[in-house]
Structure formats: structure tokens, C-alpha cells
Amino acid sequence: MTGDIDGSGEDDVIIDFGPEYGIWVWRNNNSWGEEALHHLSPESMVIGDLDASGEDDVIIDFGPEYGIWVWWNNSGWGEKALNPVSPESMVTGDIDGNDQDDVIIDFGPEYGIWVWWNNNSWGEKALHHLSPESMVIGDLDASGEDDVIIDFGPEYGIWVWWNNNIWGEKALHPFSPENMVIGDLDASGEDDIVIDFGPEYGIWVWWNNNGWGKEALNPVSPESMVTGNIDGL
């Protein structure tokens with residue numbers, strides 16, 4: 001996982017080396033530092049600037065015994081857990097367009113999907129009562145508000161929470177995918193969704209919030225996918 005946790009302008013790499021070594025950070029492309037960020041190996045990690053400080057915060061699920069904790073402004077863990085419940089999955093993004101990243105968390109079938117809003121509150125109700133298969137986040141319509149793309153499984157397919165306002169009138173796609181990633185592939189300013197629909201269909205892209213295109217990006221279903229600007233263009 002990468003993010004600029006010290007506000008230097010250089011992304012740092014946050015790595016879980018497992019129970020024997022814990023979490024370490026490759027800082028400013030220079031050093032591993034003198035000690036681990038934490039000695040425990042987490043269940044999962046995500047990153048985002050929750051308080052708009054200019055320094056990314058690291059949100060970590062330490063499992064059922066400890067819950068969710070945050071490494072704040074490259075300085076400390078805070079006085080208490082963000083939530084004592086260990087989630088199924090987490091993503092971060094600015095879904096209300098105020099320049100503070102929100103944390104979207106699937107707490108499982110018992111609780112559903114909740115949002116930690118503007119580093120202040122869990123809100124009055126769940127974003128959705130269903131526990132999803134997976135979630136990704138990106139600004140699909142260039143509105144300035146990140147949209148939450150959620151796979152609700154084979155029964156419901158892929159749905160989008162649009163502009164922090166509405167689920168829309170129908171599913172983005174009725175199929176449940178193997179994997180989803182987000183990136184602006186054509187530099188249009190609108191994020192595209194790259195989706196692996198499995199061995200039968202391969203990889204397809206939802207382009208510029210407008211359509212799936214005429215053919216698959218690749219007919220082969222991959223083991224995993226990531227997005228990024230590897231050539232600097």
C-alpha cells in the first residue's frame with residue numbers, strides 16, 4: 001500500500017511483513033526507519049487524508065481482538081480505536097467533496113456498510129444494510145465527489161452510490177465480478193472501472209461513465225489487477 005504519510009510529496013510504501021515482523025514503512029524512497037510502524041500483523045490496511053492535514057493517515061484493521069486503529073499524521077495511534085469491530089473490508093475516498101477522505105467500511109452481514117464521515121461521525125444510519133462482496137471508489141462523473149462502486153454478489157450485481165446522494169435506478173451491471181479496480185485510463189478526468197468478469201468473459205471497462213465499449217480489454221481473466229501511471233504520460 002502506498003501514500004504520502006509525512007507530507008513530503010513522495011509516496012511511502014506501507015508493508016505488512018506478517019506476524020514475525022509486523023508493519024514497516026519504506027520512507028521517502030530512502031529508508032525503512034529505525035522501527036516498525038506496529039509489531040502486529042493486520043487483517044487489512046487502507047490509506048487516506050482523513051483530517052485534510054496534507055499527511056495521509058493509515059487505517060488498519062488489527063482483527064477482532066483490537067478493531068480498527070488509525071496512524072494519525074505520521075505521529076501516533078490516538079487514544080482509542082476508530083471502531084472496536086473488525087470489518088470485512090474498507091476503502092477510502094472523498095464522497096462528499098469537502099477535501100477530507102471518508103472511510104467506507106463493510107462491517108459484515110450483521111451491520112452492513114457504514115461511513116466514517118469527515119473524521120467526525122459514523123452518521124445516523126448505514127450506507128446500505130447489505131454486506132458486499134467488494135468495494136472500490138472513484139469519481140466516475142468528474143463531479144468532485146467520489147462514487148462508491150459496490151459488488152453486492154450474484155443476486156444483485158454491481159451498484160453505484162452516486163455523488164453521495166442516490167443508488168441510481170438500476171445496477172451498473174447484473175453480474176458479480178471477480179475483481180474491480182479504478183483508474184482514469186484515457187485522461188478524460190472521469191475515472192474508469194476495470195472489471196474482471198471471470199474466465200467466461202474476461203476484463204471489461206466502464207468507460208467515462210458512459211458504456212462498456214464494444215469488446216473486452218482482454219478475454220483472459222487475471223489473477224489480480226492494479227492501476228497506475230507507469231510511463232508518466
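**View 1. Strands E13, E14 and E15 form an open, antiparallel sheet of three strands, in the order E13-E14-E15.** This is a predicted model, in which local features need pLDDT of at least 70 and side-chain atom pairs count only at pLDDT 80 or more, while totals for chains, interfaces and linings use all residues. Residues are numbered from 1 along each chain as its sequence is written, and side-chain values use heavy atoms, with hydrogens and water left out. The edges of the sheet are E13 and strand E15 (203–206), each of which pairs on one side only. From one strand to the next, the twist averages 20°; the angles behind such values run from 0 to 180 degrees between N-to-C directions, with axes as lines fitted to C-alpha atoms. Strands here are DSSP runs of E with at least two residues, helices are runs of H or I with at least four, and both are numbered from the N terminus.

**View 2. Strand E14 (residues 192–196) meets E15 through four bridges.** The two strands run antiparallel. Look for valine 194, whose bridge partner in E15 is valine 205. Two strands count as paired if DSSP finds at least two bridges between them. As a reminder, strands of a sheet pair through backbone hydrogen bonds, either parallel or antiparallel.

**View 3. The largest pocket holds about 860 Å³ of space.** Of its 26 lining residues, Val46, Ile47, Val91, Thr92 and Ile137 are the closest to its centre. Strands E4 (44–48), E7 (89–93), E10 (134–138) and E13 (179–183) are the elements that give two or more residues to the lining. By class, the lining divides into 14 nonpolar, eight polar and four charged residues. Nonpolar covers Ala, Val, Leu, Ile, Met, Phe, Trp, Tyr, Cys and Pro; charged covers Asp, Glu, Lys and Arg; the others, Gly among them, are polar. On a 1 Å grid over the protein atoms alone, a pocket is an open set of points where a 1.4 Å probe fits, with protein on both sides within 12 Å along at least five of seven lines, and lining residues have an atom within 4 Å of a point. The volume is the space filled by probe spheres set on the points.

**View 4. The second largest pocket holds about 160 Å³.** Among the residues that line this pocket are Trp72, Trp77, Trp116 and Trp122, along with Glu79 and Lys80. Its lining has seven nonpolar, one polar and two charged residues.

**View 5. Asparagine 118 and asparagine 209 each have a positive phi without being glycine.** Asparagine 118 sits in the loop between strand E9 (113–116) and E10, with phi near 50°. Its relative accessible area is 24%, which makes asparagine 118 partly exposed. Asparagine 209 lies in the segment after E15, and its phi is about 55°. At 25% relative accessibility, asparagine 209 is also partly exposed.

Key
Buried < 20%, exposed > 50% of the residue type's maximum accessible area, 1.4 Å probe, protein only.
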